[in-house]
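Here is a short report on one protein chain. Look over the sequence and the model first, then read on.

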Amino acid sequence: YMSKDITSLTRSYNYSQTIVKSIGKHFASGLIVEGSSSTYENYNLDISAGPGIEYNVFPYEEANEHQFRMRYTVLVEYADYSDTTIFDKKQEILFKNQFGMGFAINQQWGSIGSYVWGSAFWHDFSENSIGNYTHLSLNLFKGFQLTLGGSVRFVHNQRNLVKAEASMQDVLLRNREMPTEFSYNLNIGFNYTFGSLYNNIVNIRFDD
C-alpha cells in the first residue's frame, strides 16, 4: 500500500469590545462590537454590533457575594462567507435578538454559577440557538481552587454551513463545521490566585 502525509490547517481570529454605562444600582446599558474570521466556520469576516440593556436583581455593589442578571441585546450582523452557504449566500446582513440570564453565588467554600443564553434571527425565529453553562468552584486551600464546569447547546441557526458536500478529509480532520443540532462540553481545572485582595475586582456588568 501507499501512504502520504496530510496537512490540515484552520485559522480563526476573534475580537470583542463592550462599552458599558451604569444606570443606577441595578441597571446597565452597553454597546457591543464583535468580529471574527474562521476557515472552520466558513467566515472571511463576521461582524456584529448593537446596543443592550442589563438588569441585576441585586445591587451591583454586592456582585462579589451574589448576582442575578438578565440581559437583552439587539445586533446587526454582516457576514462575508468563504464559500457559498446552504442558503446560496456569499454575503448577507442579518438582525438578531440575544437574551441571557445568569446567577452566581460566592461563599467561603467557593462559588457556583449558571448562565443561560439564547439568540434568534428577526426574519425567522425558528433559526435560533439556546445554551447553558454551569460551573462549581471549590476553595481547597488559600488561593487554590478546583473548578468543574459544563455547557450544553441546542443549535438551529447554522446559516454559515458550506453548500458543497464535505469530503472525507474534511469530516475526519474537522476542517469545516458540520450540521448539528446539539453540542456539549465538560471541563475540569485548577486555579491559583495570589497577591492583593483587590487584584481580582472586576466590573461584572455585561460579563458572561
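With which residue does Glu77 form a salt bridge? Glu77 pairs with Lys96, and their closest N and O atoms are 3.4 Å apart. A salt bridge here is a side-chain nitrogen of Lys or Arg within 4 Å of a carboxyl oxygen of Asp or Glu.

## Basis of the model

This is a predicted model: local features need pLDDT of at least 70, side-chain atom pairs count only at pLDDT 80 or more, and totals for chains, interfaces and linings use all residues. Residues are numbered from 1 along each chain as its sequence is written, and side-chain values use heavy atoms, with hydrogens and water left out.

## Overall build

The chain has nine strands and one helix. Their order from the N terminus is β-β-β-β-β-β-β-β-α-β. Helices (H or I, at least four residues) and strands (E, at least two) are DSSP runs, numbered from the N terminus. The C-alpha atoms fill a box of roughly 60 × 45 × 25 Å along the principal axes.

Of the 208 residues, 31% are buried. Buried means under 20% relative accessible area, with a 1.4 Å probe and protein chains only. Among contacts (heavy atoms within 4.5 Å) with a separation of 6 or more, 55% join residues 24 or more positions apart.

## Salt bridges

The count comes to six salt bridges. Arg71 bonds to Glu54, with the closest N and O atoms 3.4 Å apart. Arg71 lies in strand 4 (residues 66-81) and Glu54 in strand 3 (residues 43-56), so the pair ties together parts 17 residues apart in sequence. Both Arg71 and Glu54 are buried. A network of salt bridges links Glu54, Arg69 and Arg71.

Back to Glu77 and Lys96, whose closest N and O atoms are 3.4 Å apart. Glu77 sits in strand 4 and Lys96 in strand 5, so this pair ties together parts 19 residues apart in sequence. Glu77 is buried, at 4% relative accessible area. Lys96 also counts as buried, at 14%.

Asp88 and Lys163 form another salt bridge, with the closest N and O atoms 2.6 Å apart.

## Asn97 in strand 5

Asn97 is found in strand 5 (residues 91-107). Asn97 counts as buried because its relative accessibility is 13%. Its side chain makes a polar contact with the side chain of Tyr72, at 2.5 Å. A polar contact is a pair of N or O atoms within 3.5 Å; within protein, one must be able to donate a hydrogen and the other to accept it, and residues adjacent in sequence count only if both atoms are side-chain atoms. Leaving out residues up to four places away in sequence, Asn97 touches several residues, including Tyr72, Val74, Trp122 and Phe125.

Terms used. Buried means under 20% relative accessible area, exposed over 50%, partly exposed in between (1.4 Å probe, protein chains only).
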